[in-house]
Each structure stands twice: as structure tokens, then as C-alpha cells.
Amino acid sequence: MLNLVLFGPPGAGKGTQSQKLIEKYQLVHLSTGDILRNEIANGTELGLEAKKLMDQGILVPDHVVIGMISNKLDSNKDAKGFIFDGFPRTVAQAEALDALLASKNTAISGMVALEVDDDELQKRLLLRGKDSGRPDDANPEIIRRRIDEYNSKTAPVASFYKEQGKYHSINGIGSIDAIFAEITKVIGNF
Ligand code: ADP
């Protein structure tokens, strides 16, 4: 199985590269942000709770997203592999993911981290907010909060995979195709 963690701050281009990777490697895409937005759109209890936090740029609790991922793994038993996009976002989530995959006799193959500086992220997210209509993209203060949450809670997840020898960093600035080519090169060496 090819189980890829696509890592990087909000606006790094994870969603864009995921679409291309899914096509090339026939993987199942698991984006916790998309799953949560879907819950919100369906007006579920989980969605209502998550929305309050997401609109402020705050992470939703670990147990909530871990439960969501566990369900998705169970409902895709025949998958060739998974792209984890926006998950794990805390070290506790990374530990839980390792345990979930181990219970299914598989593991993370590697992490690809897209590196993009804060100024470029701010620009990209404000621009995306104009098209996406996402409330968390519309306001510079909320964007700042998301980047701060990333730096304090999510960035340490990179060290977790470094310790396992699974961390690979890629420059996330450049053309979409050039970045994709770099990612596929890294995956080729897993
Ligand atoms: P981005 O990476 O652009 O910030 P996402 O769509 O991945 O956007 O996530 C949007 C919001 O959903 C996050 O700011 C957070 O509130 C919530 N979220 C998504 N994934 C997780 C996760 N794994 N753990 C906690 N909260 C999450």
C-alpha cells in the first residue's frame, strides 16, 4: 500500500497536489477539512460543533478527527492506499494514525512536506477566499490564527515522522507541475 501524508501549512497547495496524486496513483483522498465541511453542509451535530472552531481558525478536538479517519479507513478496505491531507495535525493524531494503520497491518509510507513562507500563504489564502467563499479564508486575523495553530500544534508532527526516517521536504513555490514532479520523485524512492 502507498500511504502518503501530505503536509504543509494552510494554503501550501495540499489540495491541488492531492488531486493530481490521486489520479496518478489511484489513491483514496482523506481530507479532514473536506470531511468537516461536508458535515457542516449536512447540518450534522458534529458539523455544528466543528463550525464554531473552524470559523475561528482553531483546530477541532483530536478525538473527533481521529474517529472520522477511523471510519473512512473502515469504509475503504480495498483501497490501494491513502493520501492523508490535513491530517495528522497534532502529534496525538499522528500516534493514533500509526496505531490505526498497524491494526490493519499497514503503515505510513512517507510524509511529503510542502514548504511555503508565511507571506506567500497569507496572499494565497486571501485570494482563495474570494473564490471559495470559505469563512476561514476571508479574514486576515483568522488566517493568522490558522498559521499560528499550525506553527504551535502541527509543525511538531514533522519531527514525529523525521524520527521514523519518513520525512521529505519539497519547495511549495513554483509551478503546480514542477512541484508535482518533485513529489512523484520522492514517492518513487519510498
Ligand atoms: P487549511 O489546510 O487550508 O487550513 P483545511 O480544509 O485542511 O484547511 O482545514 C480547515 C479547518 O478544519 C482547520 O482550520 C481546522 O479548524 C479544521 N481541521 C481540519 N483538519 C483537522 C485536523 N486534522 N485536526 C483538527 N482540526 C482540523
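Glutamine 26 is partly exposed, because its relative accessibility is 48% (buried means under 20% relative accessible area, exposed over 50%, and partly exposed in between, with a 1.4 Å probe and protein chains only). The model is predicted, so local features need pLDDT of at least 70 and side-chain atom pairs count only at pLDDT 80 or more, whereas totals for chains, interfaces and linings use all residues. Residues are numbered from 1 along each chain as its sequence is written, and side-chain values use heavy atoms, with hydrogens and water left out.

Glutamine 26 is placed in the loop between helix H1 (14-25) and strand S2 (28-31); helices (H or I, at least four residues) and strands (E, at least two) are DSSP runs, numbered from the N terminus. Although glutamine 26 is not a glycine, its phi is positive, at about 55°. Asparagine 105, also not a glycine, has a positive phi near 60°. Most residues other than glycine have a negative phi, and most peptide bonds are trans. A cis peptide bond, with omega about -5°, joins phenylalanine 87 and proline 88. Proline 88 belongs to the loop between strand S3 (81-85) and helix H5 (91-103).

Asparagine 105 is found in the loop between H5 and strand S4 (110-115), and counts as exposed because its relative accessibility is 75%. Threonine 106 is likewise located in the loop between H5 and S4. Threonine 106 counts as buried, because its relative accessibility is 18%. The side chains of threonine 106 and asparagine 3 make a polar contact at 3.0 Å (a pair of N or O atoms within 3.5 Å; within protein, one must be able to donate a hydrogen and the other to accept it, and residues adjacent in sequence count only if both atoms are side-chain atoms).

The ligand sits in the largest pocket. A pocket is an open set of points on a 1 Å grid over the protein atoms alone, where a 1.4 Å probe fits, with protein on both sides within 12 Å along at least five of seven lines; a molecule sits in a pocket if more than half of its atoms lie within 2 Å of its grid points. Around the ligand there are 20 residues, of which Thr32, Arg37, Ile58, Gln93 and Arg128 come nearest (a residue is near a molecule if one of its heavy atoms lies within 4 Å of it). Helix H2 (residues 32-41) gives the most to this shell, with four residues. By class, the shell holds eight nonpolar, five polar and seven charged residues.

A polar side-chain atom of threonine 32 is 2.7 Å from a nitrogen atom of the ligand. In the side chain of arginine 37, an N or O atom lies 2.8 Å from an oxygen atom of the ligand. Glycine 86 has a backbone N or O atom 3.1 Å from a nitrogen atom of the ligand. Taken alone the ligand exposes 550 Å², of which the protein buries 97%.

Glycine 133 lies in the loop between helix H6 (118-132) and helix H7 (140-154), and is exposed because its relative accessible area is 58%. Between the C-alpha atoms of glycine 133 and lysine 166, 33 residues apart along the chain, the separation is 35 Å. Serine 169 is part of strand S5 (residues 167-171) and is partly exposed, with a relative accessible area of 41%. From C-alpha to C-alpha, serine 169 and alanine 92 are 22 Å apart in space and 77 residues apart in sequence.

Key:
Areas by Shrake-Rupley, 256 points an atom, 1.4 Å probe, with all protein chains shown as cover. 1 Å grid on protein atoms, 1.4 Å probe; cavity = no way out; pocket = protein on both sides within 12 Å on 5 of 7 lines; lining within 4 Å. Nonpolar A, V, L, I, M, F, W, Y, C, P; charged D, E, K, R; others polar.
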